[in-house]
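Work through the exercises below with the model open beside you. Try each task before you read its solution.

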Amino acid sequence: MATRYDWGTILAEATAIVGSYDTPVTLRQLFYRLVAAELLPNVQGAYKGLSSKTAEARREGTFPDLSDRTRSIHQYQHWASPQDALNDAASCYRVDRTEGQKVSLYLGVEKATMVNQMQSWFGDLGVPILALSGYASQSYTDTTARHADAQDRPAVLLYAGDHDPSGEDIDRDFVARTGCFDIVERVALSSDQVAQYALPVAPGKTTDSRKASFIARHGELVQVELEALAPDVLQGLFTDAIAQWLDTSALNEVLTREAQERAALEALADGWESQ
């Protein structure tokens, strides 16, 4: 017998959750926020039901859009005129905002679905954001190592991932295979944070080969998704961690020069328009 859910209440709360984000929200993020709110259980049937119900509501125009990072329209960028291209270049011009920093700071997350959020919060700092998407490919680890080595300064990784056996091992594996990080700090999730923020706990996968060491560390086999953490909480955790490493004086110097160079581009665009 199919489980019955109060979809009216669930969709109303889901609409409010999507509206609380400054960035596009994926179905996965929405689902785990609803699990955290105890409106849905953490089971595949509930996830599929949410997918179906939100899709139906979007077709009816009663539910906001969700983000699909797995599919996009691919087309080369183009402009209506040289004037538009100059205006666009001036508006988006930026220099390397990490110039003058004592360390090369990297922000890492386990899920690619969270990159938009991270960019909206910290993109203006110019720091690279890494999405491991599970165990990283050799190509990605090689690319990351080359990028870090090219900075010629100590590399620091601030990372957030799931609280489960694989979630704790993914960043360990990445750090070991890149071999480029001098300091690594796990920003989230920890067992203390799971308790502190009352996050929904699901039984861990008994087939996970890393379960024994996880149980030894934490006393039980559980699975807690990073997406269940409220976005303002995650943002605050990263903000506090970044503050320990970011040289704001160096950043302000770079921003001043960037503004001057952008103004020169804007003057060039204005000159073209007056021709």
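This is a predicted model: local features need pLDDT of at least 70, side-chain atom pairs count only at pLDDT 80 or more; totals for chains, interfaces and linings use all residues.

Residues are numbered from 1 along each chain as its sequence is written, and side-chain values use heavy atoms, with hydrogens and water left out.

**Exercise 1. The whole protein**

Describe the secondary structure, span, burial and surface of the protein.

Solution. Start with the secondary structure: eleven helices and six strands. Helices (H or I, at least four residues) and strands (E, at least two) are DSSP runs, numbered from the N terminus. Next, take the span. The C-alpha trace extends about 75 × 50 × 30 Å along its principal axes. Then turn to burial. Of the 275 residues, 42% are buried. Buried means under 20% relative accessible area, exposed over 50%, and partly exposed in between (1.4 Å probe, protein chains only). Finish with the surface. The accessible surface is about 15000 Å², and carbon and sulfur atoms hold 51% of it. Such areas come from the Shrake-Rupley method with a 1.4 Å probe; for residues, only the protein chains shown count as cover.

**Exercise 2. Contacts along the sequence**

Among contacts between residues at least 6 apart in sequence, what percentage joins residues at least 24 apart?

Solution. Contact means heavy atoms within 4.5 Å. Among the contacts in question, 74% join residues at least 24 apart.

**Exercise 3. H2 against H3**

Find how helix H2 and helix H3 pack, and list the residues of their contact.

Solution. Locate the helices: H2 covers residues 27-36 and H3 covers residues 44-59. Their angle is about 120°, and their axes lie 10 Å apart. Axes are lines fitted to C-alpha atoms, for helices over the stretch in contact, and angles run from 0 to 180 degrees between N-to-C directions. H2 is therefore oblique to H3. Angles under 35 degrees count as roughly parallel, over 145 as roughly antiparallel, 65 to 115 as roughly perpendicular and the rest as oblique. Now list the contact. H2 supplies Leu 27, Arg 28, Leu 30, Phe 31 and Leu 34, while H3 supplies Ala 46, Tyr 47, Leu 50, Ser 51 and Thr 54. Sort them by class: seven nonpolar, two polar and one charged. Here Ala, Val, Leu, Ile, Met, Phe, Trp, Tyr, Cys and Pro count as nonpolar, Asp, Glu, Lys and Arg as charged, and the others, Gly among them, as polar.

**Exercise 4. H5 against H10**

Give the angle of helix H5 with H10, then classify the contact residues.

Solution. H5 (residues 115-122) packs on H10 at about 55°, with axes 11 Å apart. The two are therefore oblique to each other. From H5 come Gln 117, Met 118, Trp 121 and Phe 122; from H10 come Pro 231, Leu 234, Gln 235, Phe 238, Thr 239 and Ile 242. The contact has seven nonpolar, three polar and no charged residues.

**Exercise 5. H6 against H7**

Which residues make the contact of H6 with H7?

Solution. First set the geometry. H6 (residues 138-151) and H7 (residues 165-178) meet at about 60°, with axes 9 Å apart. Gln 138, Tyr 140, Thr 141, Thr 144 and Ala 145 belong to H6; Phe 174, Arg 177 and Thr 178 belong to H7. They divide into three nonpolar, four polar and one charged.

**Exercise 6. The backbone**

Solution. The cis bond joins Ala 188 and Leu 189, with omega about -10°. Leu 189 is in the loop between strand S4 (183-188) and helix H8 (191-196). Phi of Asp 152 is near 55°, a positive value in a residue other than glycine. Asp 152 belongs to the loop between H6 and strand S3 (155-160).
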